Amino acid sequence: MILARFFAGGFRSPLVVAGMVIILALAVLVPVLNLAVPRGSAFHMPDYLVPLIGKYLCYALLALALDLVWGFCGILSLGHAAFFALGGYAMGMYLMRQIGSRGVYGNPDLPDFMVFLNWKELPWYWYGFDSFAFAMLMVVLVPGILALVFGWFAFRSRVTGVYLSIITQAMTFALMLAFFRNEMGFGGNNGLTDFKDIVGFDIAAQSTRVGLFIISAAALIIGLVITSAVINSKYGKILAAVRDAESRTRFLGYRPENIKLIAFVLSAVIAGIAGALYVPQVGIINPGEFEPANSIEVVVWTAVGGRATLVGPIAGAFLVNAGKSWFTGVLPEYWLFALGGLFIFVTLFMPKGIMGLLGLVRRRKSTPVDEMSPDARADIAPNAAEQQQ
Amino acid sequence: MSKATSILYLDGVSVSFDGFKAINNLSLTLDPGEMRAIIGPNGAGKTTMMDIITGKTRPDEGEVYFNGTIDLTRHDEAEIAMFGIGRKFQKPTVFESQTVEDNLLLSLKGERRGFPALFYRKSKEDAAAIDEILGTIRLEARRKDLAANLSHGQKQWLEIGMLLAQDPKVLLVDEPVAGMTDAETEETARLLKEIAKTHSVIVVEHDMHFVRELGVKVTCLHEGSVLAEGTLDHVSADKRVIEVYLGR
Ligand SMILES: Nc1ncnc2c1ncn2[C@@H]1O[C@H](COP(=O)(O)OP(=O)(O)O)[C@@H](O)[C@H]1O
Ligand SMILES: [Mg+2]
């Protein structure tokens, strides 16, 4: 009853519902065009496109997760790819255990890379990953608990703005260095790959890929319903109040650190699920996923699509990544420059991204903190200048 | 006046910023149900005094008690707000990206935790309380407008409305009529007098006309301590007050 009302809140925005319908259409159309339309027909979708678009769906879910904290709470996380990668690793560990004795070394107990390193037994933290249910639990628990601990310390110490962004970036960088080490037991440099099957289905089969595609689209729609329900609830209003005037909320009796923590943990969990869906579709997870640049790319997708709009970041993830696929085919060396240029352009000329350009964002006459005198800013919100990026 | 019967009790409070004493051995007592006007030149420490009461600034020394028993120096902003001390800031600070109505909803007394707010549903009582406050602050017609789009005076009123929604025991109101027209000023005086019937109030204000309108006991602050206290006539007749403040 309470839950039903909560979820109903997710359908209150016409823009969000339109987004859901488009993703739903994609979830039906792609499988039909790929499996039902005969090869040779002009409408047949080539096999390689299914996991490619599936990958974009996962990126879109990651951008949605970032929008929840950046768009609606002003936390510019430059480390969200870390939560994505952790979810991916949890899924990867399950897929590694499914290989069984079909590895190059044929060892039934140990993954190939452990045999190669001369390890004699499975490290304790690999226990349980034979079970799909356990692995899925880890997909949400590991990013969730990391976000809980990280956020608890950061928000309680009232770290905001640029400083918070920097420590999130440091977090993903530290994880990258850790996962690169062979002794960590996560496959080092090469990561986890050579997967064979997932819950009994051949991972390379086209039908499995279509299945993963549909699950990814469903996850994105559910993610959209949940985030939209969250921001339409009273909690969402508190979240926006904290974003706009954090110290003011304290004088009303709110604890901004706890309010932010809820959104941050939820966001990390969604990012982890996105990562877990990504790994079986691309067939590999390695420490490169923790690279600081990856997290920055997520910020660019979100900014391009339009911050604080939920559907904007999803569109942004699709467009920028489609652009990337095309661009890296033509001028691979220049992609990072193009991405940087795009970000600067969007920041300067399209503050509400594509959604703003399409006129889909509710306008207000002025922005709060900019308008106040510097004296007023110091009066109520010593960190207001930092809060708004 | 004693600590035990007071609603707010400050004794020997001092605070300095980088060696500058903004508040210097300040003592002040507010009785339950009392409304007090605080005057004083810019930089006298009026806003800093409110910062100390609301937990934003910790005093270097001195006692700050609420209700005679609660030591406010041991609590933070959120806890102090929950005890029932509400504050209106010198510059109006409302949640600009939200509607007038939602600003009041966020301020409404009650649950402050995040999880229950996820499943909150506006009750009849809450809706009625919001309607009533909208009437009191004369913003019924603007209820669906974003707070950012209100005029300066309307923002001041919205913030007073937010204070009312909190239903605190003590209201600290910092320069409520700054930047208001004469008509708005009179309206605000009427509003505050109405509020004072059921709450304890401290109003900081420069506008002598407004202070006279309130007709309450006045405390004049200067360089962080009390210069004079009494009726407005008594205080404005004080030589030192004239020297530092009125006579300039
Ligand atoms: N956080 C602070 N850091 C440094 N100086 C401050 C701070 N807050 C107030 N002050 C100083 O304390 C003095 C009193 O300020 P304030 O309480 O704002 O005065 P009033 O509200 O009476 O005009 C001023 O000189 C001001 O510059
Ligand atoms: Mg002041």
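Reader: Hi! In strand 10 of chain B, which residue is the bridge partner of C220(B)?
Author: Hi! The partner of C220(B) there is A228(B). Keep in mind that this is a predicted model.

Reader: Okay, and how many bridges pair strand 9 and strand 10 of chain B?
Author: Five bridges, in the antiparallel sense, between strand 9 (residues 217–222) and strand 10 (residues 225–230) of chain B. The two strands form a hairpin with two residues between them. In that turn, E223(B) has a positive phi of about 45°.

Reader: What holds paired strands together in general?
Author: Backbone hydrogen bonds, and the strands can run parallel or antiparallel.

Reader: Let's look at the open sheet in chain B. What's the strand order?
Author: The order is 2-1-4-5, four strands with antiparallel pairing.

Reader: Which strands stand at the edges?
Author: Strand 2 (20–30) and strand 5 (70–71) of chain B. Each has a single partner strand, so one side of each has no neighbour in the sheet.

Reader: How many bridges join strand 4 to strand 5 of chain B?
Author: Two, with strand 4 covering residues 61–66. Y65(B), for example, has D71(B) in strand 5 as its bridge partner.

Reader: And what packs on the sheet?
Author: Helix 1 of chain B does, touching strand 1 (8–17), strand 2 and strand 4 of that chain. The direction of helix 1 makes about 115° with that of strand 1.

Reader: New topic! Which residues coordinate the magnesium ion?
Author: T47(B) through OG1 and Q90(B) through OE1, at 2.0 to 2.2 Å. T47(B) is in helix 1 (residues 46–53) of chain B, while Q90(B) is in the loop between strand 6 (85–88) and helix 3 (100–107) of chain B.

Reader: Nice. What about the largest nonpolar core, how many residues are in it?
Author: It has 170 residues. W126(A), L192(A), L224(A), Y235(A), F290(A) and L158(B) touch the most other members. Helix 3 (residues 49–73) of chain A gives the most to this core, with 18 residues.

Reader: Why does this core lie between domain 1 and domain 2 of chain A?
Author: Because domain 1 (2–346) and domain 2 (352–389) both give residues to the core.

Reader: What does Y235(A) touch?
Author: Leaving out residues up to four places away in sequence, Y235(A) touches V230(A), I259(A), I262(A), A263(A), G114(B), A117(B) and L118(B).

Reader: And how many residues are in the second, separate core?
Author: That one has 26 residues, including I23(B), L30(B), M50(B) and V170(B).

Technical notes
Residues numbered from 1 in each chain as written. Chains lettered and ligands numbered in written order. Predicted model: local features only at pLDDT ≥ 70, side-chain atom pairs only at ≥ 80, totals over all residues. Heavy atoms only, no water. Donors = N, O, S within 2.8 Å, 3.2 Å for Na, K, Ca; no water. Core = buried A, V, L, I, M, F, W, Y, C linked by side-chain atoms within 4.5 Å. Buried < 20%, exposed > 50% of the residue type's maximum accessible area, 1.4 Å probe, protein only. Domains from an automatic or database assignment. Contact = heavy atoms within 4.5 Å. Pairing = 2+ DSSP bridges. Axes fitted to C-alpha atoms, helices over the stretch in contact; angles between N-to-C directions.
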